[in-house]
Amino acid sequence: MDEKIDFVIAWVDGSDPNWLKEKNKYAEKKITTANSDNRFRDAGTIKYLLRSIEKYASWVNKVYFVTWGHLPDWLDVNNPKLVVVKHSDFIPSKYLPTFNANTIELNFHRIKGLSEHFVYFNDDMLINKAIKPSYFFKNGLPCDVWRETVYCLSKDSDNLFAHLLLNDKHLICRNFYKRDVIKRNFFKVFNPIYGRKLLSFTLLAKWPYMADFEEYHTASALLKSTYKEVWEKEYACLDETCMHKFRDRGDVNQYAIQLWQVFSGNFTPRSYKDYGQYYDLSDDNSKLINDLQKSLHSILCINDSSTNIDFEKAKKELITVLEQKFPDKSSFEK
């Protein structure tokens, strides 16, 4: 495609004393697992995400580096491909300050100069091997998959993310009628590229109501125009989310934007294979290390959600492997 594709990276330095001071002013008495300190600590992967972009996706137009205000001391802000964006540069003032990732993600379309076609990377993600623009977009549309699956609530009623996904589903169900969606997008719903998944879609199609949606913690191909449409039609819902200083059970998140694209038919079907691989940093990272060394998947997410691991040991082990895979400084570094 001829359109420009930008990357957006959201980063936070959870050890910054000035940021911590401001965060503590608004800190809730009850901190959930989704708001705990490990959600804000830095595993040191951001440098290698930028190295992986330069090595494996040098075709990118601009890289928008979204931050509360702090920056890594090694970052070269004069790189012509890099655009540093503070929260105050694009998030409406009534939502600031925010420590809610959902607020940040739901306002990306307000970033000045951002292209219509962009890809969102969490700072815990990496590009693991060479990819083309067509990995994310084809025919001007995001490459995505039909996401319906068997509905299943989390056994952990305290799981905030389960509530977010349920809220995303409610938003979609308010705006789309399943049978109409399938009728308008039959060959995007029942596409041979989905492989074995196609059988479950066929069975679920007989059920007239939405079941549940699979979500994939990987780089997200997004359209600015979708953001604007969702904000126009679901302003109250998104506004309420953004008013929460921290993640809240009543929130929706950026998955709602992805789902809106899929149910609108504004996507190009892609294979489930190599749609990104998720790993949780732990005391045994052998599978993750093997993936990095052998470049098994194109996109990796190295999440840090566990509070009972030897974090410093796991971080050191990870950085050692990343330094071996990406030994050369990128132009994003001083």
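Begin by selecting Glu215 and Arg147; both are buried. The model in the viewer is a predicted one. With the two side chains shown, look for the contact between them: Glu215 forms a salt bridge with Arg147, and the closest N and O atoms are 3.3 Å apart. Glu215 sits in the loop between strand 9 (212-213) and strand 10 (220-223), while Arg147 sits in the loop between strand 7 (141-144) and strand 8 (148-149), so this pair ties together parts that are 68 residues apart in sequence.

Next, select Glu148 and Lys178. Here the closest N and O atoms of the salt bridge are 2.8 Å apart. Glu148 belongs to strand 8 and Lys178 to helix 6 (residues 178-184), so the pair links parts 30 residues apart in sequence. Glu148 and Lys178 are both buried.

Then go to Glu214 and Lys197, which form another salt bridge, with 2.6 Å between the closest N and O atoms. Glu214 lies in the loop between strand 9 and strand 10, and Lys197 lies in helix 8 (residues 197-204), so parts 17 residues apart in sequence are tied together by this pair. Is Lys197 buried or partly exposed? Lys197 counts as partly exposed because its relative accessibility is 26%, and the cut-off for buried is under 20%.

For the last stop, select Arg51, Glu323 and Glu333 together. These three residues are linked in a network of salt bridges. Side chains of opposite charge can pair when their charged atoms come close.

To continue from here, look for the others: the structure holds nine salt bridges.

Key: Residues are numbered from 1 along each chain as its sequence is written. This is a predicted model: local features need pLDDT of at least 70, side-chain atom pairs count only at pLDDT 80 or more; totals for chains, interfaces and linings use all residues. Side-chain values use heavy atoms; hydrogens and water are left out. A salt bridge is a side-chain nitrogen of Lys or Arg within 4 Å of a carboxyl oxygen of Asp or Glu. Helices (H or I, at least four residues) and strands (E, at least two) are DSSP runs, numbered from the N terminus. Buried means under 20% relative accessible area, exposed over 50%, partly exposed in between (1.4 Å probe, protein chains only).
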